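Keep the viewer open and click along.

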Amino acid sequence: MEKVEFATASGPAAQVRWGAVAAVVGAGVVAALQVGKVIIAAPLLRKDMGLDLASIGTLTAVFSLLGMVGGIAAGGVIARFGARPMLMLGLAATACGTAAGALAPGYGELLATRVLEGLGFLMITVAGPALLQRIVTGGRRDFAFALWSCYMPAGMAIAMLASQAFSDWHAYWWCAGIAAGVALVCVALLSPPTPGGGRLSWRGLRQDTADTLGAAGPALLALSFTLYSVMFFALFTFLPVLLMEALGLTLAAAGLYSALASAANVIGNLGAGVLLARGWRRSTLIACASAAMAAVALLIFGSALPAMSTFLLCVLFSAVGGLIPATLLGTAPLVAPRPALGAASVGLVMQGSNLGQVIGPVAVGGAIDRFGWTSASFIVAAAGLAGVAIAWRLRRVDGARL
């Protein structure tokens, strides 16, 4: 298998197999699978438990609560104990939470198991980029982070495609837990060891948090990711339901169409890596993608177009939007207040992502229940315009790199 150069924590160049990168990205895909399984199982959960859209949105949102408040802290823990063991711990927590969810007798218990899954998701999504930062160097890093940013759309697409094989959500949960176990084994076998950074000190953790929050670059990137997540999850949390209720598709067709639209996000993720390598400004990519998502959302949620036209717009929304996460994740280590805070900066950016995942499904689910599908378009459009403003501010903060 082909190898690439990488820098270890001690500095000298070494070699690592591409399989290590694949294992890390695969762990992210498994984490995203836990998000996608709720989205595509929404009709089954509504039928089995009698849930409304707001409750479905809460099942998705609670998954992100720990990530919303603990990203920087997770970055500090990972910096001190090592990215590889923390990634493996996150996969173990995900597997346990998913298994417990499959055994949950009611909505309250299922909601509680999502907290454990949320802890696993937090550790995976912060440790994954931190591990890639250590094993890939130079110009390959933008490509590696572009691959990593594919984890969410790829995981959601797999979850939606897999729905064709399930008529019961419990079996779906069990298979998602097995996937987490397989990913854990792959990381253990393929990824290189990463040394920790010494003792975990609450004083040091507080200082790291203060320094990271006090830097304009990471804070703006986190806010930008919040807005992107609001837009993306406002659509994709309820896309199967939209396709079924507003466009008259069956559950199987809605799952297939949703998977294709989610997979289109990968085009933007990889495209960002190519465009950045060709010299495009990071702030330009964020601004253009935010504006395009806002405009397309107005057409999607207006429900005035035929079913196929609406679906194609969802594909466009997803593909263009993919430019944003790849750009943000690749930029986060560059704007860290000091090199040792690279993981904490990624953690703050992921806090922004999780905040958007909390706000988007709950706000949009409630708005749709009360005012109809058209109301969602105004939420997404407002987030898109705010994203353009944040991109402009990023350029003013560090015009040379952003």
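Are glutamate 117 and arginine 114 buried or exposed? Both of them are buried, where buried means under 20% relative accessible area, exposed means over 50%, and partly exposed is in between (1.4 Å probe, protein chains only). Before going further, some bookkeeping: this is a predicted model, so local features need pLDDT of at least 70 and side-chain atom pairs count only at pLDDT 80 or more, while totals for chains, interfaces and linings use all residues. Residues are numbered from 1 along each chain as its sequence is written, and side-chain values use heavy atoms, with hydrogens and water left out.

Back to that pair. The side chains of glutamate 117 and arginine 114 form a salt bridge at 2.9 Å, N to O; the term means a side-chain nitrogen of Lys or Arg within 4 Å of a carboxyl oxygen of Asp or Glu. Both residues sit in helix H6, three residues apart, which is about one turn of the helix. Helices here are DSSP runs (H or I, at least four residues), numbered from the N terminus.

Glutamate 117 has another partner. Its side chain also meets that of lysine 37 in a salt bridge, at 3.2 Å, N to O. This one links distant parts of the chain, since lysine 37 is in helix H1 (residues 18–40) and glutamate 117 is in helix H6, 80 residues apart. Lysine 37 counts as buried because its relative accessible area is 0%, and glutamate 117 is buried at 0% too. Put together, Lys37, Arg114 and Glu117 make up a salt-bridge network.

How many salt bridges does a search of the whole structure find? It finds three. One of them joins the side chains of aspartate 211 and arginine 338, at 2.6 Å, N to O. Aspartate 211 lies in helix H10 (residues 202–214) and arginine 338 in the loop between helix H17 (323–331) and helix H18 (342–371), so this pair ties together parts that are 127 residues apart in sequence.

Now slide along H6, which spans residues 107–135, to threonine 125. Threonine 125 is buried because its relative accessibility is 0%. What does its side chain do with its polar atom? A polar atom of the threonine 125 side chain lies 2.7 Å from the backbone oxygen of phenylalanine 121, and a polar atom of that side chain lies 3.3 Å from the backbone oxygen of leucine 122. Setting aside neighbours within four places in sequence, threonine 125 is in contact (heavy atoms within 4.5 Å) with Trp148, Tyr151, Val346 and Met350.

Leu66, Val115, Leu116 and Leu119 form a nonpolar patch on the surface, with about 270 Å² of accessible area together. Patches are built from residues with over 30% relative accessible area and no salt bridge, joining like charges within 9 Å and nonpolar side chains (Val, Leu, Ile, Met, Phe, Trp, Tyr) within 5 Å; the areas come from the Shrake-Rupley method with a 1.4 Å probe, and for residues only the protein chains shown count as cover. H6 supplies the largest share of the patch, three residues. Leucine 116, in helix H6, is partly exposed because its relative accessibility is 33%.

On to the interior. A nonpolar core is a set of buried Ala, Val, Leu, Ile, Met, Phe, Trp, Tyr and Cys residues joined through side-chain atoms within 4.5 Å. The largest one has 115 residues, and those with the most contacts inside it are Leu45, Trp173, Leu235 and Phe317. H1 gives the largest share of this core, 15 residues. Leucine 235, leaving out neighbours within four places in sequence, is in contact with Leu242, Ile300, Phe301, Cys314 and Phe317. There's also a second, separate core of six residues, including Ile72, Ala222, Leu341 and Ala344.

Two more stops. Serine 224 lies in helix H11 (residues 216–236) and is buried, with 3% relative accessible area. Not counting residues up to four places away in sequence, serine 224 touches Ile286, Leu328 and Ile390. Glycine 50, in the loop between helix H2 (42–49) and helix H3 (53–62), counts as exposed because its relative accessibility is 61%.

Notes
Helix = DSSP H or I, 4+ residues; strand = E, 2+ residues; numbered from the N terminus. Polar contact = N/O pair within 3.5 Å; in protein donor to acceptor, adjacent residues only side chain to side chain.
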